[in-house]
Amino acid sequence: METEFVYWRHPTPVGIKVEEVSGMEEKSGKLWREMAMQIYCENGIDGFREIGHFANGAPFLFGETSRISLTHTCHLLAVATLPKTPEADLSRFSRRTALGIDAEKLDRTQVIKVRDKFLSDKEKGFINEDDLESNIIAWTAKEALYKAAMTPGLDFCNNITIEKLPVIDRMMNLPGAPEPVIGKAVLSIPEYDSPIDMQLYCYESEGCCVTIAFSPKCAKFGRKRS
């Protein structure tokens, strides 16, 4: 008997809502992604929603003014969402809507083999090569930051800098859970004269590290659970 898809919508401690689709392990590849996307689109609060993409590749929802970012790996699809910002141009970067999400399996050792391509010498100084989890966090952080920047062609080592790694939140929203350890990063985008401060939050889901990159000045939801 096939395992059904599981849809889950939840807030994060940092004020960003995430919707996840998992399950149906019997399916894989493009078919799984298309089916998971369908499940996500069918679970819109106000009815069916449709995903489109701007010229820079960033996703958006037709008829909506909320920034979204999405990621998928193996059998997990996750979509992060900010509150509605009708005053902002979602087709380009702004601190008001800066958001990116990325996920990776926590046992993917291949990340260690390519760390020279996404970590600067300074970052290697505090991200130990023997610490797989830290490298996975760093990899997802860089990918999430790249998505948040909405600027194709940024160099992972020179334009995207991690200053402090977050710690994986394994007790998200549980009663008595401690405050999550938030990471810090900086984006260097050519059209901006000064570096842009970013924050990083990550949690574990379905054996994956899910990392969200966001601006301290972006729109956020309140802490009230939905």
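Reader: Where is T211 found?
Author: T211 is in strand β11, residues 208-214. Strands here are DSSP runs of E with at least two residues, helices are runs of H or I with at least four, and both are numbered from the N terminus. This is a predicted model, where local features need pLDDT of at least 70, side-chain atom pairs count only at pLDDT 80 or more, and totals for chains, interfaces and linings use all residues. Residues are numbered from 1 along each chain as its sequence is written, and side-chain values use heavy atoms, with hydrogens and water left out.

Reader: Is T211 buried or exposed?
Author: Buried, because its relative accessible area is 0%. Buried means under 20%, exposed over 50%, and partly exposed in between, using a 1.4 Å probe on protein chains only.

Reader: And what does the side chain of T211 make a polar contact with?
Author: The side chain of T140, at 2.7 Å. A polar contact is a pair of N or O atoms within 3.5 Å; within protein, one must be able to donate a hydrogen and the other to accept it, and residues adjacent in sequence count only if both atoms are side-chain atoms.

Reader: New topic: how many residues of strand β5 are buried?
Author: Seven of the eight, so β5 (residues 66-73) is largely enclosed by the rest of the structure.

Reader: Which strand do bridges join β5 to?
Author: Strand β6 (residues 76-84), through seven bridges, and the two run antiparallel. Strands pair if DSSP finds at least two bridges between them. For instance, S66 has K84 in β6 as its bridge partner. The hairpin has two residues between the strands, and C74 there takes a positive phi near 50 degrees.

Reader: Which residues do ring pairs link into a cluster?
Author: F118, W139, Y146 and F156.

How values were computed:
Phe/Tyr/Trp six-rings, centres within 6.5 Å; stacked < 30°, edge-to-face > 60°.
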